[in-house]
Amino acid sequence: MHRLIVSLSPHAHGGDSTEKNMYGVLIALIPALVVSFAFFGLGAFIVCATSVVACVLFEWAITKFILKREKTTITDGSAILTGILLGFNMPSNLPIWIILIGALVAIGIGKMTFGGLGCNPFNPALVGRAFLLVSFPVQMTSWPVSGQLLAYTDATTGATPLAIMNQAIKTSDASVLEQLPQGFDLLIGNHGILGGGCIGEICGLALILGGIYMLTKKIITWHIPVTILGTVLVISAVLHYSNPVYASPLNVMFSGGLMLGAIFMATDYVTSPMSKKGQVIYGISIGVLTIVIRNFGAYPEGMSFAILIMNAFTPLINNYCKPKRFGEAAK
C-alpha cells in the first residue's frame, strides 16, 4: 500500500511572484521609455526620474514612519512601476514640485492609505494623474511639441490630435480633421507640429511591443487590452462612417492614452477583475466609456477616467462572475 499524504494548499508553485511580474512590466515599458526620451529629451528624463524617485521615497517613508512596519516594500518593484506610469501620464514640461505632489497622492492616497500593494481599489498612478488634472489643469494640459530635446519648462507647446478631434466635433466641422497626421504617423509617434501629449503615449508601436512581451511572458492575458481596443475600434468606425466629423478609427486608436491605458494601466492585477468573463465585461465597459467621454464630454481624453470608474466596479464584476464551486452540480 502507498501512503497518502495530505497537505495544505497550495500544492504546486507556478514560479510567479510580485517581484517577477512587476519587473516584467518594467522591462515591457523599456521601448516606450526609450522612445519618450528620443522624442522629448531632457523633459521626459526629468519628469520620469523625479516621479520614480519620489514614489520610492514616499513609499519608504510612509511604511517606515507612519505605518511603522519593519520591512519596507520598495524592492518589490511596485513603487518604481507606479513612478514610471505616473511619469508617462504627465507632459514633459511639468514642474518638479507638481510631480512631487502627484507622487505623494499616488503612493500616499492611491496605495498606502488602503494598506499597500494588493489592497488599493484604484490604480495609484491614475489616482495621482486625476488629482493633478483637477488641481493643475493648465500645467497638465500644456503639451510640448516633440523634438525639443534640450527644452524643459520652456518647451514650445501645441494642440494634440485629441484636441483637434474634439474641436471638429464641437464645431461640427470635418475639415478641422485635415490637420491630423495619418494613422501610421501617429502609430510611430510622428505628430508633426502638434503637441505630443503625455510622455508615455507618444508612440503606440513601442507600447504594442511591450504588450506583446507581456503576453509572451504570460504577465497579462489578451482579454482586457483586446476588448478595450476592439470596442473603441468598432464604435469609432460606426461614428466615423455615419458622420465624418468623427475621426477615423485608426486616428482614434493611436491618439492619446488609449494604448498606454489598455495595455499597461487597465491590466493592473489588483484593480481589474479576476475571471476571464469579468475581464471582457471590464474591457468593453472601459472602451465604451472612453468613447463617450472623448466625444461627448468636456475633456478630450477619457481613458484615465474610464479605467478609474471601472476600477470601482471591479468588486461587483468579481461578485457577478464568480466561478462555480468545485463539485457543484451544473444546472
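Which residues in α6 meet which residues in α15? On the α6 side they are Leu-126, Val-127, Arg-129, Ala-130 and Leu-133, and their partners in α15 are Ser-304, Phe-305, Ile-307 and Leu-308. Sorted by class, this contact has seven nonpolar residues, one polar and one charged. Keep in mind that this is a predicted model.

## How α6 and α15 pack

Two packed helices are described by the angle between their axes and the distance between the axes. Here, α6 covers residues 124-135 and α15 covers residues 303-320, and the pair packs at about 125° with axes 10 Å apart. Angles over 145 degrees would count as roughly antiparallel and 65 to 115 as roughly perpendicular, so α6 and α15 come out as oblique to each other. As for handedness, α6 passes α15 in a left-handed crossing.

## Helix α3, end to end

Helix α3 takes in residues 42-66, which makes 25 residues.

## Salt bridges

Searching the whole structure turns up two salt bridges. One of them joins the side chains of Glu-59 and Lys-111, with an N to O distance of 2.7 Å. This pair ties together distant parts of the chain, 52 residues apart. Glu-59 belongs to helix α3, while Lys-111 lies in the loop between α5 (96-109) and α6.

Note on methods. Residues numbered from 1 in each chain as written. Predicted model: local features only at pLDDT ≥ 70, side-chain atom pairs only at ≥ 80, totals over all residues. Heavy atoms only, no water. Axes fitted to C-alpha atoms, helices over the stretch in contact; angles between N-to-C directions. Helix = DSSP H or I, 4+ residues; strand = E, 2+ residues; numbered from the N terminus. Parallel < 35°, antiparallel > 145°, perpendicular 65-115°, else oblique. Left-handed = near helix turned anticlockwise from the far one by under 90°. Contact = heavy atoms within 4.5 Å. Nonpolar A, V, L, I, M, F, W, Y, C, P; charged D, E, K, R; others polar. Expected span 1.5 Å × (residues − 1). Salt bridge = Lys/Arg side-chain N within 4 Å of Asp/Glu carboxyl O.
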